Amino acid sequence: MSVLAIVGSIVVVLAALLHVVIFVLESVRWMQPSTWRVFGVRDRAQAETLRPMAYNQGFYNLFLAIGALAGVWLYWTDLPRAGLALALFSTACMAAAAVVLTTTGPGYLRPALIQGTLPLIGFVLLLLA
């Protein structure tokens, strides 16, 4: 395996870990005021209104993270082609979700960059490996 494959795998794992953190914020810690600040939620009433959506969205992030981690695991063990396909698919979905996030308004560019940069870099590095 090449240096690109190693670095790409590390970046994909970092992207997955970021998405696990997002899952924790959205699905586990949503009702904490510190989490509200991260997402620009004004108060408890707004947090309660957004809670079902955030909970669901958090699990989407978790499932993408699991896919990316499983892809890297398979890539470095018995099924490198399947692992590569899964890692590429998962990171492409993460990056695509970040692009969609930019379409929701100008205030979402920073969160989209945070959410999408690592997956995009990991995707490109693994693709070139």
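Start your tour by selecting Val-11, which touches Leu-118, Ile-121, Gly-122 and Leu-125 when residues up to four places away in sequence are set aside. Touching, or contact, here means heavy atoms within 4.5 Å. Before going on, note that this is a predicted model, in which local features need pLDDT of at least 70 and side-chain atom pairs count only at pLDDT 80 or more, while totals for chains, interfaces and linings use all residues. Residues are numbered from 1 along each chain as its sequence is written, and side-chain values use heavy atoms, with hydrogens and water left out.

**Stop 1: around Val-11**

Stay on Val-11, which sits in helix α1. Is Val-11 buried or exposed? Val-11 counts as buried because its relative accessibility is 10%; buried means under 20% relative accessible area, exposed over 50%, and partly exposed in between, using a 1.4 Å probe and protein chains only.

**Stop 2**

Val-21 has a relative accessible area of 46%, so it counts as partly exposed. From the C-alpha atom of Val-21 to that of Ala-68, 47 residues away along the chain, the separation is 14 Å.

**Stop 3: the whole chain**

Zoom out and colour by secondary structure. The protein chain has 5 helices and 0 strands, giving the pattern α-α-α-α-α along the sequence. Helices (H or I, at least four residues) and strands (E, at least two) are DSSP runs, numbered from the N terminus. The C-alpha atoms fill a box of roughly 50 × 25 × 20 Å along the principal axes. Of the 129 residues, 37% count as buried. Among contacts with a separation of 6 or more, 64% are between residues 24 or more positions apart.

**Stop 4: the largest nonpolar core**

Which residues touch the most other members of the largest nonpolar core? Select Val-12, Ala-16, Ala-68, Tyr-75, Met-94 and Leu-126 to see them, out of 13 core residues. The elements giving two or more residues to this core are α1 (3-28), α3 (44-75) and α4 (80-102). Helix α3 provides the largest share, 5 residues. A second, separate core has 6 residues, including Trp-36, Val-41, Ala-47 and Ala-54. A nonpolar core is a set of buried Ala, Val, Leu, Ile, Met, Phe, Trp, Tyr and Cys residues joined through side-chain atoms within 4.5 Å.

Now centre on Leu-126. Beyond its neighbours within four places in sequence, Leu-126 is in contact with Ala-5, Gly-8, Ser-9, Val-12, Tyr-75, Leu-84, Ala-87 and Leu-88.

**Stop 5: a loop residue**

Where is Leu-79? Look in the loop between α3 and α4. Leu-79 counts as partly exposed because its relative accessibility is 46%. Draw a distance to Val-99, 20 residues away along the chain: the two C-alpha atoms are 30 Å apart.

**Stop 6: the annotated segments**

Finally, select residues 6-25, 59-76, 82-101 and 108-128, where UniProt, in an unreviewed entry, places the feature "transmembrane region". UniProt positions follow the numbering used here, feature names are shortened, and annotations may be inferred rather than shown by experiment. Residues 82-101 are 100% helix and 0% strand, with end C-alpha atoms 29 Å apart. Over residues 108-128, the chain is 95% helix and 0% strand, and the end C-alpha atoms are 30 Å apart.
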